Amino acid sequence: MRSTELAERIGASCEGGDVELSEVASFTEAAAQSVVFVEHSRFLSGALASGAGGIIVPVDSEIANARGKALLWTRNPRLAFALAGEALARSEAQVGQVNASAIVAPSAEVHATCRVDELSVVGAGASIGARSHVGPGCVIGPGVVIGEDCNLVARVTVYSGTSMGDRVTVKAGAVLGGDGFGFVPDPATGRFHKFPQIGRLEIGNDVEIGANTTIDRGALDATVIGDGVKLDNLIQVGHNVRIGRNVVVASQTGISGSTVIEDGAIIGGQVGLGDHVLIESGVILGSQCGVPSKKVVRGKGVVFWGTPARPLGEYLKELATLARIARKK
Amino acid sequence: MRSTELAERIGASCEGGDVELSEVASFTEAAAQSVVFVEHSRFLSGALASGAGGIIVPVDSEIANARGKALLWTRNPRLAFALAGEALARSEAQVGQVNASAIVAPSAEVHATCRVDELSVVGAGASIGARSHVGPGCVIGPGVVIGEDCNLVARVTVYSGTSMGDRVTVKAGAVLGGDGFGFVPDPATGRFHKFPQIGRLEIGNDVEIGANTTIDRGALDATVIGDGVKLDNLIQVGHNVRIGRNVVVASQTGISGSTVIEDGAIIGGQVGLGDHVLIESGVILGSQCGVPSKKVVRGKGVVFWGTPARPLGEYLKELATLARIARKK
Amino acid sequence: MRSTELAERIGASCEGGDVELSEVASFTEAAAQSVVFVEHSRFLSGALASGAGGIIVPVDSEIANARGKALLWTRNPRLAFALAGEALARSEAQVGQVNASAIVAPSAEVHATCRVDELSVVGAGASIGARSHVGPGCVIGPGVVIGEDCNLVARVTVYSGTSMGDRVTVKAGAVLGGDGFGFVPDPATGRFHKFPQIGRLEIGNDVEIGANTTIDRGALDATVIGDGVKLDNLIQVGHNVRIGRNVVVASQTGISGSTVIEDGAIIGGQVGLGDHVLIESGVILGSQCGVPSKKVVRGKGVVFWGTPARPLGEYLKELATLARIARKK
């Protein structure tokens, strides 16, 4: 892609050489076809000394000699670099091909531009949209619907009853749409009987799901993951959970059944949400905090910490108070 | 299954039409062959308006017009619905068949009624009982023993040295019987040497094991999972742990080596149990609580919370006290 | 291996019969070719009564009649037993063989003494050193470098850009070198764009990685796991993390991006480390503790507990103080 076109795609203004760019890179790995980025002026000399053909720079940079490199000026270099990564990744041609060792049911509809890798299994009636990639060792259950430009990296399991939109990335080992954890005790015997887990899992567009993360289907209805949600590795999402748009969740967090997380919430790592919790839009939950069952947490941009989760200032004051008292005793 | 027979199987008394029922369902998905359930009278009109052929209802329901549906009266509709789900699932005929792409060692004993799916591997001398199902992409190690009516859903790994009873469900990505985490430091070098992990893993009947959950074999002896135990997703069970009957453990809980959990304990999500802990029968551990090494927790039906875990009332009183003091400062 | 040779390998002095020993075992499983160990004199009679051909015993043991067994005297029987397990495991001949169902790219360099098991995939240009084992169902990405004597047990995923040294064990379901979790918000839309995750993962020698553990590659540079590191199951290691030599980390701990853990630190289970944390050499972090972003934790041999992590004595004093105050109210 020409540097002028890339600049347009990422909202930057281009100056200096008009060069061909095909990848993002770090300073040390950069070559003529690479674009790098500079967030602070103190890194500028490093970028100029690198082999990169293009540099994304802050609008207020002072550059005497661009050394023939294309300069892409922007107010938000980090965002521009992310957008450049997306733009250049998409321009990689996806070779449509089903590996001979993959086992695709005759009734599955796999678009001609899809790539299905070694030893993957695609069940009866499943549907996979244009340019999507099913990496090696995946298991796609019967009737699963996968949109366009999706990437199931490797060894992903998708149970029957799951659908996902476009541009969804699922990393290795993730398990999508498995039975939820619901049991009914029989008081007479002390035994637990499985409550039916026959619902669906609906995943929106532009979702990223981390390695070895597990998302359960609904019990009778659906578990819903909204557009733009980003889930890190080793996260658990229980049955009937509803996650709104552009929610970000860090690693090892657990979300219990029927909990609702509204748009734009940010959730740290190792957070625990009880069942039937409501996390309102824009809330920020600090790592390791816990929200007991049925609680509502609200406050756009407010940070919560501790178990039970409370506003950060309150929690820190409690910690400081306790430390002071304990020291006196 | 006729509604009269189903009623008998789930301990309900049947009334109204005698219809054929083959599945449990939600109101919205229900068709003539479906049975739904009503837990509170306020949901009754929804059930009657649904397409369901049968409804499980509380004994004290007032129903003027059953609209031709079979009514299954019971004191515990939720339990009856769970039992109905089990009864109807079992009546699904299991087609015994080993997929041509599965690799089964000649010395493995796979019952003629088993189904072994695509690209699974069954090792030498392994044994799989009647009507059990090995889903796609599983790896069953040499000598593993799997009972009857088990279901290894997909991509399950079972190491050599593991045995399981009947009616065990193992969800995708679980790893059973791997080496435990035991090392001996060499003070002279600071290096850690692996303590032999050559024991076994013994799993009882009617156990459910969640997606991506890991259970280690014993170091020299056995790790033991009792009958009726239900483990959620992403749980860690260390070497030599012994879990009694009908214990329920929620997601992301970690159980360290040699810990014992007695019958009927209920353990929340993200709980951490140190090594050599004893959780006595009937204890309830709240989510995220922690029990340090070698501690004993007792009290049938008593709820514990916090780290170190203490009775809920005590913990809440401490939280309230601290909050009050901090506000005054 | 003769008992005299084994004694030499494990730093013990041998006495009694010179016998052939080929495995470590528990008392109950021990046979003539087995070596067992005794840590306290009260277990001595059990060892002598077992079928073992050899016993590792403390130097101060009093043994009147060795019953023809080889006695291996040492100051540290537990370490000697671990070393015996390692010595005897390595003497097992590794049969070099690529299973017919494995798919190995023609350009991959797999040493003639490697074993590659059923249905594993080895990508283009990957390299696997002498005597290494790739168990069933693994996915080794293009260009991955695996050293000598490694063991990828089963269903391991190794992404492109990963290298590991010699004698590395990776347990089932682990995911190595996946994309890290880094996104840049676009303030104009509220959407998150993926920051490029194009770095590497470098794993040293003698590392053990637990089942279903996930380790992300660096964003632009490398994630580095030092020699002798032992990681338990279900651990998350974020991008650009650097872990020093001989660090031990228990199950379900999460290590956020760019955090550094120095040599010899010991980290309990379910610990959470924020991003850009520094854990200095020899620190001990108790289970479930948490270290907020950018904090430095120091103190060789000092135990920390709680969130935010503080020295154990301080934390226990705070707990005791709070309990005392709450009881009075």
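How many bridges join strand β2 (residues 23-24) of chain A to β3(A), and do the two strands run parallel or antiparallel? Two bridges join them, and the strands run parallel. The legends below describe a predicted model, in which local features need pLDDT of at least 70 and side-chain atom pairs count only at pLDDT 80 or more, while totals for chains, interfaces and linings use all residues. Residues are numbered from 1 along each chain as its sequence is written, and chains are lettered from A and ligands numbered from 1 in the order in which they are written.

View 1. Helices (H or I, at least four residues) and strands (E, at least two) are DSSP runs, numbered from the N terminus, and two strands pair if DSSP finds at least two bridges between them.

**View 2. An open sheet in chain B.** Five strands of chain B form an open sheet of mixed pairing, in the order β1-β5-β4-β3-β2. The edge strands, each pairing on one side only, are β1 (13-16) and β2 (23-24) of chain B. Within the sheet, three bridges join β3 (residues 34-37) to β4 (residues 54-58) of chain B, which run parallel, and B:V35 stands opposite B:G54 in β4(B).

**View 3. Helix α4 of chain A against helix α4 of chain B.** The two helices pack at an angle of about 90°, with their axes 9 Å apart; axes are lines fitted to C-alpha atoms, for helices over the stretch in contact, and angles run from 0 to 180 degrees between N-to-C directions. α4(A) and α4(B) are therefore roughly perpendicular to each other, a term for angles of 65 to 115 degrees. The contact is made by A:K317, A:E318, A:T321 and A:L322 of α4(A) and by B:L322, B:A323, B:I325 and B:A326 of α4(B), where two residues are in contact if their C-beta atoms, placed from the backbone, lie within 7 Å.

**View 4. The sides of chain A that touch chains B and C.** In one contact, 40 residues of chain A meet 42 residues of chain B, and α4(A) gives the largest share of the chain A side, four residues. The other contact takes 42 residues from chain A and 40 residues from chain C, and here the largest share of the chain A side, seven residues, comes from α3(A).

**View 5. The surroundings of B:E280.** This residue lies in the loop between β34 (278-279) and β35 (284-285) of chain B. Because B:E280 has 18 C-beta neighbours inside 10 Å, it counts as partly exposed. Leaving aside neighbours within four places in sequence, B:E280 is in contact with B:E262, B:V296, B:V297 and B:R298.

Note on methods. Parallel < 35°, antiparallel > 145°, perpendicular 65-115°, else oblique. Buried ≥ 20, exposed ≤ 12 C-beta atoms within 10 Å, placed from the backbone.
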